[in-house]
Amino acid sequence: MNASTFALSRELPRVSAMPTGRLFGAYLTEAKYESIRALRAPAFAIPFLLLPIVLYVLIGVFLIGSMSNGDTKIAVTMFVNFATFGVMGPGMFGFGMFVATEREQGLLTLKRALPMPPTAYLLAKMLMTMLFATIVMGTLIAAALAVGHLRVTAGQFLLIALIEILGSLAFCSIGFFIGTRASGKSAPAFVNLAYLPMMHLGGLFYPLPKSAQPIEFLSPAFYLAKLGLHILHAPSLDEISFGAASPSSHVGVMVCAAVLVGVTLLFGGLALRRFQRLA
Amino acid sequence: MTQDCWAELSGVSKRFGKVVALDGLDLQVRRGELFALLGPNGAGKTTAISLMLGLQRPDAGTARLFGQSPLLVETRRQVGVMMQEAALAPELRVHEQLDLVASYYPNPMTPVAAMEMTHTEGLADRPYGKLSGGQKRQVQFAIALCGRPKLLFLDEPTVGLDVQAREMMWSTLRRLVNEGSSIILTTHYLEEAEVLADRVAVLAKGRTIASGSVNEMRALVVRKHISCSTRLSIEHVRTWPDVESASRDHHGLHITAGNAESVVRELLAADENLQDLEVRRAGLAEAFTELTQETAP
């Protein structure tokens, strides 16, 4: 470091715009380190990267497969449902826990005081979530190809991966909403309060009794799974159990997409409003 | 706002519910000076800095950085910040933390250069979460510097540092100021302000109760300290009208006096064998205590 490092002009410094390349680089660097830190955090990376593949293979492939005598339709259904389960966690916990903790421990305030590009913080977390969702989808597709007995084309796999990865943004919004309101210590509890019912009452792992099926309509997970099932022309677990009489069988592609976009915008908007007031 | 004023609060008031944090506060930080903001807990120091950095908005008055709104990210690209409580991502290594923050600035120094400047090269590959409290402060200091800021905000920068690390940080701060940077420092260590600051402002109840150079602040306290070796008894000395207090230890007699010159004359007249006479003005700590006591409820 030479002595001229801090040499200054004699005039009031002009506010200088960042060159576009450096600005883009700042967004990328923020996303890169957000992803690296999440991958290095065992309490985050291990459950959200390993659990989906382990549960899919154990339950979705071997357990359900042995009970259904190799029914390929159920195999596709279980693949989509476990994919949905796999992409929910990183968004909800990544935003819910990290935002709450960083807000409470002053990192968010420091980043706001520093010249971090205003949207870099949120974009970085979204990209981190999508990276996790991509890894989850990659491992699930690999497992499905190896042991899943699925009749699905490469194009369909890519399409379902894209839908699940984009669908993870709805869960980012919910996590973000919780993260802007809960304390660092209470955030995991609040995220679990949303995550567990959403997962279990969304019809991902077992069909709900017919009378209880309307509860599924409250779970964004149900709509993401249903969207994936439409794409792959596979029935939901409700439909497998109750046929076309299942209330959830009437939910179409556009409804699923509209609900997911609506959830993303509603919770994201509410969270953003709160986030902008935080310092 | 003149060309030389790099940060300014002008008639700023800020209230949190019923609590008045700042009450018509005026502050200016000029180019190339180290400005120390002192005050008891709850005086409004952190709020003042938050307003200058655009983290909060004033209820009344204006906050300016380089003549611009501090809310503009372009303005803050001239600023480095070290906060008292900011837990950086524990999973990232030190050089990664620096690489990340440097990416926010148009013309930053390299992580290696920032670590050299703050003597943290040995920590480069250590995860931030595994560092000691003092090491974390040093890394936060490197982060504050890495964007080559014109203006540095340092909130209690030397808390938790050992003597050697503190001396090194002081030396870097002096160098930065000599090279034209400005620094706003809040500290509980008054000796730190005494050693480093060009100007000091003392806040109490959201107002500036005194500001000026360290010498000007000391001069606000009239009393002086006199020490000497003498055969005179404490009881006798205490009867003199200008003596506020007197005590004795193995070094000799110690007197606090409003009019030191008059007491020295009486001492010399009463004891012709008097030795080791020393007269000291009040330190910044004493000035601070006196000033803030005056505003205490």
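**A helical chain and its partner**

Chain A has 10 helices and zero strands. Helices (H or I, at least four residues) and strands (E, at least two) are DSSP runs, numbered from the N terminus. Along the sequence, the pattern of chain A reads α-α-α-α-α-α-α-α-α-α.

This is a predicted model: local features need pLDDT of at least 70, side-chain atom pairs count only at pLDDT 80 or more, and totals for chains, interfaces and linings use all residues. Residues are numbered from 1 along each chain as its sequence is written, chains are lettered from A and ligands numbered from 1 in the order written, and side-chain values use heavy atoms, with hydrogens and water left out.

Start with the overall form of chain A. Its C-alpha atoms fill a box of roughly 80 × 35 × 35 Å along the principal axes. Of the 279 residues in chain A, 52% are buried. Buried means under 20% relative accessible area, exposed over 50%, and partly exposed in between (1.4 Å probe, protein chains only). Contact means heavy atoms within 4.5 Å. Among contacts in chain A between residues at least 6 apart in sequence, 81% join residues at least 24 apart.

Now turn to the partner. In chain A, 40 residues are in contact with 50 residues of chain B. The two chains bury about 4,200 Å² between them, and 63% of that is on carbon and sulfur atoms. Buried area is the accessible area (1.4 Å probe) that two parts lose on being put together, summed over both.

The rule finds two salt bridges across this interface. A salt bridge is a side-chain nitrogen of Lys or Arg within 4 Å of a carboxyl oxygen of Asp or Glu. B:E96 and A:R40 meet in a salt bridge through their side chains, at 2.8 Å, N to O. On the side of chain A that touches chain B, α1 (20-40) and α4 (107-113) of chain A each supply at least two residues. The most comes from α1(A), with 10 residues. By type, the residues on that side of chain A divide into 23 nonpolar, seven polar and 10 charged. Here Ala, Val, Leu, Ile, Met, Phe, Trp, Tyr, Cys and Pro count as nonpolar, Asp, Glu, Lys and Arg as charged, and the others, Gly among them, as polar.

Two backbone details in chain B remain. Most residues other than glycine have a negative phi. B:H119 has a positive phi, near 60°. B:H119 lies in the loop between α4 (111-117) and α5 (133-145) of chain B. B:H119 counts as partly exposed because its relative accessibility is 41%. B:K205 is not a glycine, yet has a positive phi of about 50°. B:K205 lies in the loop between β8 (199-204) and β9 (207-212) of chain B.
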